[in-house]
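These are my notebook entries on a structure that I had not examined before. I set down what I looked up, in the order in which I took it up.

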Amino acid sequence: MLVGAGIMSGTLGAMLRILEPDLSITLIERLDGAAAESSDAWNNAGTGHSALCELNYTPQKPDGSIDISKAVRVNEQFQVTRQFWAYAVENGLISDPRSFLNPVPHVSFVHGAANVKYLRRRYDALVTNPLFAGMEFIDDEGEFARRLPLMAEKRDFSEPVALNWTRQGTDVDFGALSRQLIGYVAQRGMTTRFGHEVRDLRQESDGSWTLKVENLRTGRTSKLKSKFVFVGAGGGALNLLQKAGMKEAKGFGGFPVSGKFLRTDVSSLTAAHRAKVYGQPPVGAPPMSVPHLDARMINGKSWLLFGPFAGWSPKFLKQGDVFDLPESITLTNVASLVNVGLTQFGLLKYLVGQLMLSDAERIDALREFAPSARESDWELNVAGQRVQVICGAKGKGVLDFGTTVLAAGDGTIAGLLGASPGASTAVPAMLDVMQRCFAQRYQAWLPKLQEMVPSLGHELSSEPALFDDVWSHGTRVLRLDESSAVTAG
């Protein structure tokens with residue numbers, strides 16, 4: 001049973017269908033179509049998160065050195081996902097890689113002498129790793145203007161600027177990808193129930209699960225039984241795992257934050273910016289607030305997006321319920337929630353400030369990246385809801401800005417919580433689910449899984465020859481060695 005029709009359920013369903021062609025699979029989705037919530041292209045940044053440009057993955061240590069451990073880990077995860085995408089294209093799960101994936105440079109951008117020195121140290125720390133060998137360091141005004149003409153226009157270059165530039169980045173339409181994967185499984189026997197919502201889950205004495213499901217069109221309820229349940233319901237996953245009484249979910253809470261982006265499809269602007277450029281978050285702001293100006297390809301059309309700007313709602317999904325947050329508060333997580341509320345003053349201050357921003361102030365923020373920006377060229381788009389995971393023991397709640405897989409000890413139920421890098425790590429996350437929840441079958445599946453992911457079980461950062469092989473193969477199959485509408489001049 002797959003709950004939620006997004007990238008996680010689509011990935012798990014496709015992999016299981018390949019491994020076990022006769023497996024009975026049912027998908028339940030509360031909305032009327034696939035990938036209409038967090039996986040929709042307008043509801044996420046669309047970055048193939050591989051730590052090429054995200055500065056929050058390479059923090060500076062007190063001694064001034066750069067910690068690249070998280071960047072390497074995130075990049076390794078994306079390499080796994082990328083290999084499966086190549087397999088999916090070669091084996092007919094996906095018709096055309098251009099339908100969801102486009103090459104676009106990933107760029108880190110800083111200004112100010114101290115930040116330029118940091119970026120140089122970041123480059124020096126990363127470029128010797130095979131995963132980041134293609135990175136460039138740029139601090140020349142002329143080269144900056146050549147590569148990023150929109151960002152150079154009207155810029156005062158008396159303040160030093162610098163870039164870490166990696167040509168091998170990607171822009172991903174996770175909605176288009178999810179729909180193709182789900183379509184593949186549906187065409188091969190999966191039962192799909194759109195417009196249905198799981199209201200409750202109960203485990204039976206034999207270990208199986210009974211799900212109470214409501215048809216949202218008619219109001220009728222039915223009961224479905226399954227030996228295994230995966231909850232890939234985005235922000236809605238936490239409440240469902242709590243309803244299931246899953247002990248591994250005890251103590252976990254969630255804090256919802258909505259995202260907003262400025263966007264434009266003005267052709268003169270989209271033609272002048274062909275990159276995803278990530279900057280540094282404002283002082284005191286959380287990692288999720290990293291500003292970025294992105295070239296995007298959505299529904300076959302070029303866009304620029306800038307953000308994120310935070311909003312707030314008690315809903316855990318964009319099309320959720322105002323009672324989502326209060327219903328998630330339990331005796332096991334209330335202390336952690338209170339502790340986060342009392343200690344995360346920076347986050348609270350940031351959110352209040354974001355909620356008070358005017359349209360003109362958002363354009364001012366954009367002008368740090370594109371000094372020539374005009375308010376009339378841009379509009380505000382409300383993106384999806386993120387639920388930041390709060391975890392901890394003995395009331396010591398900690399905000400987790402990553403992606404967390406929860407699996408029951410008996411392997412009968414699992415779910416995914418969290419946000420970035422999220423969708424970009426769908427394949428390693430689902431491999432984790434399969435290894436933990438199908439332990440008796442996993443060894444028999446390994447040969448086929450290694451066809452899907454040739455580097456499975458290896459660290460590519462320490463095996464450069466293997467990395468070169470899988471990277472070049474994936475680049476060719478995914479057509480990432482060709483220019484696209486995102487990168488063409």
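**Entry 1. Overall make-up.** How many helices and how many strands are there in the protein? I found 15 helices and 20 strands. I note at the outset that the model is a predicted one. Of the 489 residues in the protein, 58% are buried. I then looked up the accessible surface, which comes to about 20100 Å²; carbon and sulfur atoms account for 51% of that surface. For contacts between residues at least 6 apart in sequence, I recorded that 73% join residues at least 24 apart.

**Entry 2. The sheet of six strands.** I traced an open sheet whose six strands follow the order S8-S2-S1-S12-S20-S19, and its pairing is mixed. Which strands stand at the edges? They are S8 (191-194) and S19 (403-407); each has a single partner strand, so one side of each is left without a neighbour in the sheet.

I next took the pairs within this sheet. S1 (residues 2-3) pairs with S2 in the parallel sense, over two bridges. Val 3 has Ile 28 in S2 as its bridge partner. S19 and S20 (residues 413-418) pair in the antiparallel sense, with five bridges between them. Here Thr 404 has Leu 417 in S20 as its bridge partner.

I also checked the faces of S2 (residues 26-29), and both are covered. Thr 26 and Ile 28 lie on one side, Leu 27 and Glu 29 lie on the other, and all are buried. Helix H13 (residues 426-437) lies across S12 (229-231), S19 and S20. I recorded an angle of about 20° between H13 and S19.

**Entry 3. The sheet of three strands.** A further open sheet has the order S9-S10-S11, with antiparallel pairing. Its edge strands are S9 (196-203) and S11, each of which pairs on one side only. From one strand to the next, the twist averages 25°.

How many bridges join S9 to S10? I found seven, and the two strands run antiparallel. Arg 202 stands opposite Thr 210 in S10. S10 (residues 209-215) is joined to S11 (residues 221-226) by six bridges, again with the strands running antiparallel. Glu 214 has Thr 221 in S11 as its bridge partner. I looked into the hairpin of S10 and S11 as well: it has five residues between the strands, and Gly 219 takes a positive phi near 85°.

**Entry 4. Leu 148.** I located Leu 148 in the loop between helix H4 (141-147) and helix H5 (149-152). Is Leu 148 buried or exposed? Its relative accessible area is 0%, and therefore Leu 148 is buried. Leaving aside residues up to four places away in sequence, Leu 148 touches Leu 163, Trp 165, Ala 272, His 273, Ala 275 and Val 277. I followed up Ala 272: Leu 148 and Ala 272 are 124 residues apart in sequence, and their C-alpha atoms are 7.0 Å apart in space.

**Entry 5. A nonpolar patch.** Which residues make the nonpolar surface patch of about 350 Å²? I listed Trp 312, Leu 355 and Met 356. Leu 355 lies in helix H11, which covers residues 345-355. Why does Leu 355 count as partly exposed? Its relative accessibility is 47%, and partly exposed lies between under 20% for buried and over 50% for exposed.

Note on methods: Residues numbered from 1 in each chain as written. Predicted model: local features only at pLDDT ≥ 70, side-chain atom pairs only at ≥ 80, totals over all residues. Heavy atoms only, no water. Pairing = 2+ DSSP bridges. Helix = DSSP H or I, 4+ residues; strand = E, 2+ residues; numbered from the N terminus. Patch = residues over 30% accessible without salt bridge, like charges linked within 9 Å, V, L, I, M, F, W, Y side chains within 5 Å. Areas by Shrake-Rupley, 256 points an atom, 1.4 Å probe, with all protein chains shown as cover. Salt bridge = Lys/Arg side-chain N within 4 Å of Asp/Glu carboxyl O. Buried < 20%, exposed > 50% of the residue type's maximum accessible area, 1.4 Å probe, protein only. Axes fitted to C-alpha atoms, helices over the stretch in contact; angles between N-to-C directions. Contact = heavy atoms within 4.5 Å.
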